[in-house]
Amino acid sequence: MSDDTSKMAREHAVQRCRERGIVIPTIAEMRQPTTVPSAIRRKLPEVDMQAVDPVNLFRITWHNDPATGGFGPVNALEIPAALTGVRARIVGLVGKHFPTGAHKVGAAFGCLVPRLVAGEFDPTTQKAVWPSTGNYCRGGAFDSALLGCKAVAILPEGMSRERFDWLASIGAEIIATPGCESNVKEIFDACWDIRKNQPLAVIFNQFEEFGNYLWHYGVTGPAAEEAFHALAGPRARLAAWVGATGSAGTLAAGDYLKDVAPGCTITVAEALQCPTLLATGFGNHRIEGIGDKHVPWIHNARNTDLVAAIDDEATMRLLRVFNERAGREALLRRGVPYDLVNQLPLLGISSICNLLAAIKTARHFELDGSDFVLTCFTDSAALYQTRLAELTAERGEYTDRQAEADIERFLCGATTDHLKELTYPDRKALHNLKYFTWVEQQGKTVKELDALWSPGFWRDLQAQLPGWDAAIETFNRDTGVSAEPSERR
Ligand SMILES: Cc1ncc(COP(=O)(O)O)c(C=O)c1O
């Protein structure tokens, strides 16, 4: 974009936000919503969380309190030893209480907003394109609707019905690419088509956009730290961050935790049926949200300590255990507290994958009761009701006997198989794997790839966050709709 075009794009964006009364939250406010202007905090309880109302931009935070509609402590759920079988304290940040019911709405914000406020995206003439395996494009469509931009969602045709229905309801244009979860190459091909044929489309490719990384570094990481401090006793140690990789954005929270808690390790989970990181493998799988057969550009591979491949059959069986009557009763008989059993539907399929990878991490490093393993329950079972119905149709009603067998085999039997602790050359091999997707196919240079190996690259990136907030604050001042400016920091 030339300087003039960029200036005009920014003016259009300011005008659009002024007309619609849009105030954009800063990263600092998302991290700590007690700093959100009180006029906005007062308004939130009156607005439905899913409403296309710009005030919901302030709900892009881990602090939403579903009971009051306001803000509270970080949403987190501890899964105790009665269920995990390990002494380590496993705690997952809960994504369900974000608008759209999934945390990816934050990653989409991180990709769109810095460009919007810098004049790199004109919401009055351009379309925002969201390539995704499901939740990111829903988040992008939601953020676009709040900010008054047109959205195009790209996702594989095999993703859950709930995702397509929701996208249609919000008015997004939908492009369904061939295949299932692990067909990310087909998504990239659709992006190239758009680049060639639609000059007014801007592609926010989460797999390469550092805005995705930075949103998680600046918001999810501190939320995990806060959840840890809320539960930690005097001898507690933040031992690990566990995250399944789709775009690798959520892994950035692990980079943040390594900075504040030296010694913290990062486990990256993937599907055993598509073990790209474990074995340069490929294949189809059913853990929705974790796209595969490549290493995302924004994955800081040098920081990855452990790779855990999780059998998708384990995640589907446990989805039934956590949501079917027979499964819940079996857990109660085993002494899992009633309150916790009621909360297990907060875990969607990839959240169950993260839970299993957390158990494996705890077993591998022989963690004890003072060690905390933090992870992310990215979305909830609410998005997989059709999958549960399909399982019943395929396999019959879920029985007590089946529930007991699944708990024994897939929870109690979660051991250290399909794990790899990475050496320095292993990490470099993951980094090198980026070459085939990004340099050969997607137009990056070897020089750019080499730069990603340097820890200094990631430091410089992280140092951009205060600049983001300054640009958002200036933008809000220019629109003139900032609520209670004296309260804003
Ligand atoms: C349900 C679900 N789980 C996990 C992920 C992976 O998160 P990330 O893309 O940050 O690696 C996604 C990403 O879309 C998702 O939708």
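Predicted model: local features only at pLDDT ≥ 70, side-chain atom pairs only at ≥ 80, totals over all residues.
**Entry 1**

Next I looked for charged partners. Side chains of opposite charge can pair when their charged atoms come close. I found a salt bridge between Glu 404 and Arg 333, with the closest N and O atoms 2.9 Å apart. Glu 404 belongs to helix 17 (residues 400-412) and Arg 333 to helix 13 (residues 325-333), so this pair ties together parts that are 71 residues apart in sequence.

Glu 404 also meets the side chain of Arg 334 in a salt bridge, at 2.8 Å from N to O. I checked where the two sit. Arg 334 is in the loop between helix 13 and helix 14 (338-343), and Glu 404 is in helix 17, 70 residues apart. The pair therefore counts as a link between distant parts of the chain, and I noted that Arg 334 is partly exposed because its relative accessibility is 31%.

**Entry 2: Arg 334 again**

Glu 408 lies in helix 17, and 74 residues separate it from Arg 334 in the loop. With a relative accessible area of 44%, Glu 408 is partly exposed.

One network joins Arg 286, Asp 312, Glu 313, Arg 317, Glu 394, Arg 395 and Asp 406. How many salt bridges does the structure hold? I noted 28.

**Entry 3: Aromatic rings**

I searched the whole structure for aromatic pairs and got 18. I picked Tyr 213 and Tyr 217. Their ring centres are 6.1 Å apart and their planes are at 15 degrees, so the pair is stacked; the cut-off for stacking is under 30 degrees.

Where do Tyr 213 and Tyr 217 lie? Both are in helix 9 (residues 210-231), 4 residues apart, which is about one turn of the helix.

The charged end of Arg 138 sits over the ring of Trp 166, 5.0 Å from its centre. Arg 195 lies over the face of Trp 192, and here the distance to the ring centre is 4.3 Å.

**Entry 4: Nonpolar cores**

Last, I turned to the nonpolar residues. The largest nonpolar core has 79 residues. Among those with the most contacts inside it are Trp 62, Trp 130, Leu 147 and Phe 204. Helix 9 gives the most to this core, with 10 residues.

I took a look at Leu 147. Leaving out residues up to four places away in sequence, Leu 147 touches Arg 16, Ile 22, Ile 24, Leu 57, Leu 112, Val 113 and Leu 116.

Methods: Residues numbered from 1 in each chain as written. Heavy atoms only, no water. Phe/Tyr/Trp six-rings, centres within 6.5 Å; stacked < 30°, edge-to-face > 60°. Helix = DSSP H or I, 4+ residues; strand = E, 2+ residues; numbered from the N terminus. Lys NZ or Arg CZ within 6 Å of the ring centre and 35° of its normal. Core = buried A, V, L, I, M, F, W, Y, C linked by side-chain atoms within 4.5 Å. Buried < 20%, exposed > 50% of the residue type's maximum accessible area, 1.4 Å probe, protein only. Contact = heavy atoms within 4.5 Å. Salt bridge = Lys/Arg side-chain N within 4 Å of Asp/Glu carboxyl O.
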